[in-house]
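Here is a short report on one chain and the surroundings of a ligand. Look at the model first, then read on.

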Amino acid sequence: MKQHNRPQASPFVASLLGLAATIAFGSFAVSCGLDPVHDGAVKALGDEDPAVPQGPYHRAGQPCNVCHDVQGPAENKFALSGTIFWGPNLQIGVDQAYVRIVDANGAKKCFVTNCVGNFFVRPEQVPKLTFPILVSVEKAPNYRAMAGRIGRERACGNCHKQPRFFDSPGQIRLVNSESEVPAEGKAAFKQCNVSVDPPNLVCPEDQDQ
Ligand code: HEC
Ligand code: HEC
């Protein structure tokens, strides 16, 4: 089996990292490369798109946490992650959509998507995040809420897979058909420059008065 090209941490460091990961994520850490199921899940996502740098815009629609979680291979871990699309079929991301969550303790947080529709939440942004969580997505005047609660899954894309079918709700979308996608939404996506860092935007409720 092919190994990851990644320096192996010493067992001591690895156990410390594992402990930190266990505390941070409340789940058990398994070292990279030791779990064939995880390795397979990572490989199944394929290579990087050469047109998109490895960063905030890459792999739109994919389950980011397959890589950005305790098992790696990404160094940076996310507490939640996903991509919001306009319609049900095309991968036209929604720029500056608000993704809101309410956790099991009633704590509310809101995150803003970048111009490919990606959002990701770092563990330090939500140190007390407690599942299950409720989620909704807004890009006024469009609003959608997920009826069910998310029990533990950190990647929206692990459930919201294409095609939409009995076993999948399909990609997260704001309108029901591609013909309803607003022209300005398409334009914003087309103008998205994946070589420029996304602006640091916050939701209306997090803006200073
Ligand atoms: C197949 C594995 C894989 C998937 C899936 C993946 N990434 Fe990454 N990503 C990486 C790797 C590897 C890096 C290099 C930096 C690192 O190791 O964290 C990276 C880097 C990044 C960075 C820059 C480092 C940082 O933390 O600021 C961001 C942001 C990022 N990815 C966001 C995402 C988002 C959002 C998704 C899902 C839409 C995603 N990634 C899906 C593997 C992946
Ligand atoms: C555990 C699987 C799962 C995860 C993880 C998940 N979803 Fe869902 N989602 C569903 C299912 C199933 C539905 C359809 C039934 C419902 O609304 O509960 C749905 C529906 C939705 C809807 C309503 C869709 C519509 O057409 O009205 C939105 C919006 C949504 N999800 C957003 C998200 C976001 C954002 C995330 C990540 C933070 C996420 N979901 C993570 C399973 C999931």
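Among contacts in the chain between residues at least 6 apart in sequence, what share joins residues at least 24 apart? The share is 63%. Two residues are in contact if their C-beta atoms, placed from the backbone, lie within 7 Å.

This is a predicted model: local features need pLDDT of at least 70, side-chain atom pairs count only at pLDDT 80 or more, and totals for chains, interfaces and linings use all residues. Residues are numbered from 1 along each chain as its sequence is written, while chains are lettered from A and ligands numbered from 1 in the order in which they are written.

**Confidence.** pLDDT is the predictor's confidence in each residue, from 0 to 100. Its mean over the chain is 89. Of the residues, 84% reach 70 or more. Two stretches fall below 50. Their contacts beyond near neighbours in sequence are tabulated here.

| Stretch | pLDDT | Contacts in the model |
|---|---|---|
| residues 1-7 | below 50 | seven contacts |
| residues 21-31 | below 50 | 13 contacts |

Where pLDDT is low, the predicted coordinates should not be read in detail.

**Fold.** Along the sequence the pattern is α-α-β-β-β-β-β-β-α.

**Ligand 2.** Around ligand 2 there are 17 residues (C-beta atom, placed from the backbone, within 6 Å). Met 146, Gly 148, Glu 153, Cys 156 and Cys 159 come nearest. β1 (80-83) and β5 (134-139) are the elements that give two or more residues to this shell.

How values were computed:
Helix = DSSP H or I, 4+ residues; strand = E, 2+ residues; numbered from the N terminus.
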